[in-house]
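Colleague: I have a new model open and would like to learn how to read it. Could you walk me through it, feature by feature?

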Amino acid sequence: MKLVATRRTEQNRAPIDPWTAVHFSAGLALGLLDASRAWSVGGALGYEIAEQLVERSDWGTDLFETRGPESASNVLVDMVVFIAGHWLGTRWLRT
């Protein structure tokens, strides 16, 4: 398994793909908006669960233009960087 996806066909298989930056940015934005950590992380987790379900369907693979659901390592990295972004955003507000 590759650590970083360098091709679209590796998206969702490698722990880090271009969408990792989007997850970090979403966490950062919510942190800067002083959104509750519980609601933010809960929403991100809910999205990851919904994405897993949708990507298992034919219309979902067409919608996301993928070849199946994300690997567990990809979901874990997405959640960790989301939380890190949220933490950084809330810390920025306190400076």
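**Reading the model**

Modeller: Start with a loop. Asp34 sits in the loop between α1 and α2. The model is predicted: local features need pLDDT of at least 70, side-chain atom pairs count only at pLDDT 80 or more, and totals for chains, interfaces and linings use all residues. Residues are numbered from 1 along each chain as its sequence is written, and side-chain values use heavy atoms, with hydrogens and water left out.

Colleague: What is phi of Asp34 near?

Modeller: Phi of Asp34 is near 60°, a positive value in a residue other than glycine. Asn12 also has a positive phi, near 80°.

Colleague: Is Asp34 buried, partly exposed or exposed?

Modeller: Asp34 is at 48%, so it counts as partly exposed. Asn12 is at 2%, so it counts as buried. Asn12 is found in the segment before α1.

Colleague: How many helices and strands are in the protein chain?

Modeller: Elements are DSSP runs, numbered from the N terminus: helices are H or I with at least four residues, strands are E with at least two. The protein chain has four helices and zero strands. From the N terminus on, the order is α-α-α-α. The C-alpha trace spans about 45 × 25 × 20 Å along its principal axes.

Colleague: Why does the end-to-end distance of α2 agree with its length?

Modeller: The expected span of a helix is 1.5 Å times one less than its number of residues. Helix α2 (residues 37–54) has 18 residues, so it should span 26 Å; its end C-alpha atoms are 25 Å apart, which agrees. For α4, 22 residues reach 32 Å from first C-alpha to last, close to the 32 Å expected.

Colleague: What caps the N-terminal end of α2?

Modeller: Ser36 does: a side-chain oxygen lies 3.3 Å from the backbone nitrogen of Ala38.

Colleague: Which residues of α2 are buried?

Modeller: An α-helix has 3.6 residues a turn, so residues three or four places apart point the same way. In α2, the buried residues are Ser40, Ala44, Glu48, Glu51, Gln52 and Val54. Their cover includes α1 (18–32), α3 (58–64) and α4 (72–93). In α4, the buried residues include Val75, Met79, Phe82 and His86. The cover there includes α1 and α2.

Colleague: What does Gln11 touch?

Modeller: A contact means heavy atoms within 4.5 Å. Not counting residues up to four places away in sequence, Gln11 touches Ala5, Asp17, Trp19, Phe64 and Thr66. Gln11 lies in the segment before α1. Its relative accessibility is 15%, so Gln11 counts as buried. Gln11 and Gly68 are 57 residues apart in sequence and 9.5 Å apart in space, C-alpha to C-alpha.

Colleague: Where does Ser71 lie, and what does it touch?

Modeller: Ser71 lies in the loop between α3 and α4. It is buried, with a relative accessible area of 19%. Not counting residues up to four places away in sequence, Ser71 touches Asn12 and Arg13. A polar atom of the Ser71 side chain lies 3.3 Å from the backbone oxygen of Arg13.

Colleague: And the chain overall?

Modeller: Buried residues make up 37% of the 95 residues. Of the contacts with a separation of 6 or more, 64% join residues 24 or more positions apart.

Technical notes:
Buried < 20%, exposed > 50% of the residue type's maximum accessible area, 1.4 Å probe, protein only. Polar contact = N/O pair within 3.5 Å; in protein donor to acceptor, adjacent residues only side chain to side chain.
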